[in-house]
Amino acid sequence: MEVSAVWCGMGALIILVCYAWRFLNWVWLKPKKNEKCLRDQGLNGSSYKFLFGDLKEVVNMLRDAKSTAINLNNEIVPRVLPFDHKSHTAYGKICFTWMGPTPKVQITDPSMVREVLANNYQFQKPRGGNPLIRTLGAGLTDADGDRWSKHRKIVNPAFHVEKLKHMVPAIYVSCAEMINKWEERLKKESSCEVDVWPYLQTLSSDVISRTAFGSNIDEGKRIFELQRELAVLVIDAIQSLYIPGSSFFPTKNNNRIKKIDQEVKATIRSIIDKRIIAMKAGKRSKDDLLGILLESNYREIKHGNKNSGLTIDEVIDEC
């Protein structure tokens, strides 16, 4: 019995040491090795800080930037991306920063950006990290390689100039409604100060709803509002240190994110189901983004095979 207890204790100690080594390698040894490798290649950047990297400074600078009124000039970047602006000013157009223990190489040279975007087989998007990011959509922006090519081929027709021209009247209606509201205020007052931010939010919601979902404008607005709330929650999660598995914890934010994700997908699925029934009945697809996407997808499946098109879940992600 004593011998067995000793062996069990030694086994537990070995396991504990292995996990401690892996943790040390993750939070310190590997990041420092990566930092040396990046500097040896001639890149400049911030020094790695234990566990958090630059996350704390990113959050603090963003909070400070938003706490002051924005000046009426073209200096938008220091307001929206204060840490990135500081990094490029200090280290140059190509530099590296730290998202926790993971280095992030930042590129602002247009020719290099073009090369990265054009070679999506070689420069693939990072995997892993916080899975909550995927609740914002896992469509074309998340795809690589053959999957990217397939999604791009089907989505592309929605952005042809002739197709976009059909959306101008819908955009005009949304803009006219906003201007009319301002004119109504001027009828009551000879002059007034207008906080344009809520009006621009409403304008964005209207335009996206009309051009994406056509006659389903109320459902489109609901989707827009939910996605906006979801974006705030997910960005908060991204700016915090991600602990593997923490996205499954039943926290208030996690539960809300999952609830929004379910409602958005259910609403879009309902709209898509109605469109598919109409298409099968021989009705012409609408000229909104969803109609063009479904028509393009249907055409691809018809002339190819089932695997050459997008699944309903993939169409939802694109929406």
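## Inside the main core

I272 touches L290, L294, I312, V315 and I316, leaving aside residues up to four places away in sequence. Contact here means heavy atoms within 4.5 Å. I272 also belongs to the largest nonpolar core, which has 23 residues. I272, L290 and V315 are the members with the most contacts inside this core. Six elements are listed as giving two or more residues to it: α6 (145–155), α9 (196–213), α10 (217–238), α11 (252–280), α12 and α13 (312–318). A second, separate core has seven residues, including V27, L38, L51 and W98.

A nonpolar core is a set of buried Ala, Val, Leu, Ile, Met, Phe, Trp, Tyr and Cys residues joined through side-chain atoms within 4.5 Å. Buried means under 20% relative accessible area, exposed means over 50%, and partly exposed lies in between (1.4 Å probe, protein chains only). In soluble globular proteins, nonpolar side chains tend to be buried together.

## About the model

This is a predicted model, in which local features need pLDDT of at least 70 and side-chain atom pairs count only at pLDDT 80 or more, while totals for chains, interfaces and linings use all residues. Residues are numbered from 1 along each chain as its sequence is written, and side-chain values use heavy atoms, with hydrogens and water left out.

Helices (H or I, at least four residues) and strands (E, at least two) are DSSP runs, numbered from the N terminus.

## A buried serine

S296 sits in helix α12 (residues 289–303). Is S296 buried or exposed? S296 counts as buried, because its relative accessibility is 5%. Its neighbours are K153, I154 and P157, not counting residues up to four places away in sequence. A polar atom of the S296 side chain lies 2.8 Å from the backbone oxygen of I154.

## Salt bridges

The structure holds 18 salt bridges. A salt bridge is a side-chain nitrogen of Lys or Arg within 4 Å of a carboxyl oxygen of Asp or Glu. K32, E35 and R39 are linked in a network of them. Within it, E35 pairs with R39, and their closest N and O atoms are 3.1 Å apart. Both residues lie in helix α1 (residues 2–40), four residues apart, about one turn of the helix. E35 is buried at 6% relative accessible area. R39 is partly exposed at 33%.

Which helices hold R210 and E177? R210 lies in helix α9 and E177 in helix α8 (residues 168–188), so the pair ties together parts that are 33 residues apart in sequence. Their side chains meet in a salt bridge (3.1 Å, N to O). E177 is partly exposed at 35% relative accessibility.

K265 and D261 form another salt bridge, with the closest N and O atoms 3.6 Å apart. They are separated by about one helical turn, because they are four residues apart in helix α11. K265 is partly exposed at 35% relative accessibility, whereas D261 is buried at 15% relative accessible area.

## A nonpolar surface patch

W21, F23, L24, W26, W28, L29 and F50 make a nonpolar surface patch of about 710 Å². Patches are made of residues with over 30% relative accessible area and no salt bridge; like charges are joined within 9 Å, and nonpolar side chains (Val, Leu, Ile, Met, Phe, Trp, Tyr) within 5 Å. Accessible areas come from the Shrake-Rupley method with a 1.4 Å probe; for residues, only the protein chains shown count as cover.

F50 is in the loop between β1 (44–45) and α2 (55–66). F50 counts as partly exposed, at 48% relative accessibility.

Notes
Polar contact = N/O pair within 3.5 Å; in protein donor to acceptor, adjacent residues only side chain to side chain.
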